[in-house]
Amino acid sequence: MSKAIRFLQLAPLSLFLLTGPVSSAEPVENSWQQLIATGQKCQANGHYAEAESSFQSAVDQAPTPVAKVRSMNYLGLVKQIRGDYPAADALYRGALQLCVQHPAPLDMAAILLNQARLYRIEGKFEAAGELCRRALALHRSLLPPNHPSISDTLDSLGWIQLRLGQYAEAEAAYRESLTIRQANPANQLDLAGTMSDFAFLHYARGHYAEAEKMYRKVLATRQQCLSANHPDVADTMVRLADVYRAQHQFTKSEQLLVHAIPMLEAALGPESLRVANASNNLGVLYVDENRMDEAAVLFRRALEIDQKVLGKDHLQVASILSNLALIDSDRHAYHDAEDLYTRALDIEEKTVGSNHPDVAAMLNNLAQNYGFEGRYDEAEKLYARALDIWERTLGPAHPDVAGCLMSYAAVLRKDHHKKEAGEMEARAKASQALHDRDDSTSALVDWHELQRR
């Protein structure tokens, strides 16, 4: 069976606290500040419609250009959370233009960072990285070295580097960010946000034990500091559930997901990207449990939401297309599966380039589909390419490398290349041994599961 591709989880959105005088008209300023405070409180509690209304009033009543910049930034972020990306981008662009006319470098850095987060969601990773680096340069030049805003920017940069397959760079960014967070222990939620992103890096690299430990800490912190039904609590459940699924703890995973999805629907609405993401992940779990009909319903729901919000050529759409293709392949509808995999591969190569781990996963899946059809030569070429990408980007100890080697070996045996197949199987065992050595649980990849692939 092909390997279902999981979403990269949506990173939590936050906004810099923008400080400094904005007006000399005290009554107007007080009214504006009250609107901002109300909007912030509503946003913190997950009441995004009310937050948007308050921030829109703040934009309309801003007493100075700087106050208008800040109001637009807050409003842009809430629209971004609610999925109105064109409106969010327009607000960020307008605010940046005001910053040029009325210099406010820290405000500009905050807007650049939020715009980078928007571009990250839209799959514009190179542009997002450049915006993050501009924001980071401003923060380093204007703020003390342990200022939390530097940590915020490093978190966003690390997430983008992770999506580009730059794992060493992402780890360095997260480690520096954690050092800053730990030097400022007052805000435990900020520390939890950095830990959550760092945990996903561990997950992406196959270090499930470390990812689970960090996510459990994040969940405990968010449950303590936020309301029980806050979407950030639900998001953490989704992330922890995916780690449990990867470790074959399916009951734990399902319990978290079926609890988190209604929480997200209530807080964000039924067409939220976070709802789509959680639905997709529950579908992946059902695939692993061979509950294909239930999985297909969830994948189609996620696809409908993502295509509506993000467009048909977004990276997350490619992930769901691959998962639907997996179901077609399981049903022996190989031609339909090939069409979906090919479309998904085209999206990914255009978005993240031809040497990204996600591209390797798609090549692996398409290769397996060819193998099921008896198209062994084509399958072998794709396996070789996928293996090369994964070994270069993830290293030889990653579970995807072992899985690819075993699938490659199976095709070689069917194509009567027994010697080469044996060599691949030996490499797979060596990869698994390295992985077990690096992770104390030894529960990361089931060797028998690899042989079934």
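Helices, in what follows, are DSSP runs of H or I with at least four residues, numbered from the N terminus. The model is a predicted one, and the description below should be read with that in mind.

## Two loop residues with positive phi

His248 lies in the loop that links helix H11 (231-246) to helix H12 (250-268), and its phi angle is near 65°, a positive value in a residue other than glycine. With a relative accessibility of 34%, His248 is classed as partly exposed, because that class lies between the limits of 20% for buried and 50% for exposed.

Asn290 occupies the loop between helix H13 (273-288) and helix H14 (292-310), and phi of Asn290 is likewise positive, near 65°, in a residue other than glycine. Its relative accessible area is 52%, so Asn290 counts as exposed.

## Packing of H13 against H15

Helix H13 packs with helix H15 (residues 315-330) at an angle of about 25°, the two axes being 11 Å apart. H13 is therefore roughly parallel to H15, since angles under 35 degrees fall in that class. The crossing of H13 with H15 is left-handed.

On the H13 side the contact involves Asn280, Val284 and Val287, which meet Ile320, Asn323, Leu326 and Ile327 of H15. By residue class, this contact comprises five nonpolar and two polar residues, with no charged residue.

## The nonpolar core around Ile327

The largest nonpolar core contains 147 residues, and Phe299 and Ile327 are those with the most contacts inside it. In soluble globular proteins, nonpolar side chains tend to be buried together.

Ile327, which also takes part in the contact between H13 and H15, touches Val287, Met292, Ala295, Ala296 and Phe299 when neighbours within four places in sequence are left aside.

For Ala397, the C-alpha atom is separated from that of Ser431 by 4.9 Å, although the two residues are 34 residues apart along the chain.

Ser431 has a relative accessibility of 4% and so counts as buried, because the limit for that class is under 20% relative accessible area.

Note on methods:
Residues are numbered from 1 along each chain as its sequence is written. This is a predicted model: local features need pLDDT of at least 70, side-chain atom pairs count only at pLDDT 80 or more; totals for chains, interfaces and linings use all residues. Side-chain values use heavy atoms; hydrogens and water are left out. A nonpolar core is a set of buried Ala, Val, Leu, Ile, Met, Phe, Trp, Tyr and Cys residues joined through side-chain atoms within 4.5 Å. Buried means under 20% relative accessible area, exposed over 50%, partly exposed in between (1.4 Å probe, protein chains only). Contact means heavy atoms within 4.5 Å. Axes are lines fitted to C-alpha atoms, for helices over the stretch in contact, and angles run from 0 to 180 degrees between N-to-C directions. Angles under 35 degrees count as roughly parallel, over 145 as roughly antiparallel, 65 to 115 as roughly perpendicular and the rest as oblique. A crossing is left-handed if the near helix is turned anticlockwise from the far one by less than a right angle, and right-handed if clockwise. Ala, Val, Leu, Ile, Met, Phe, Trp, Tyr, Cys and Pro count as nonpolar, Asp, Glu, Lys and Arg as charged, and the others, Gly among them, as polar.
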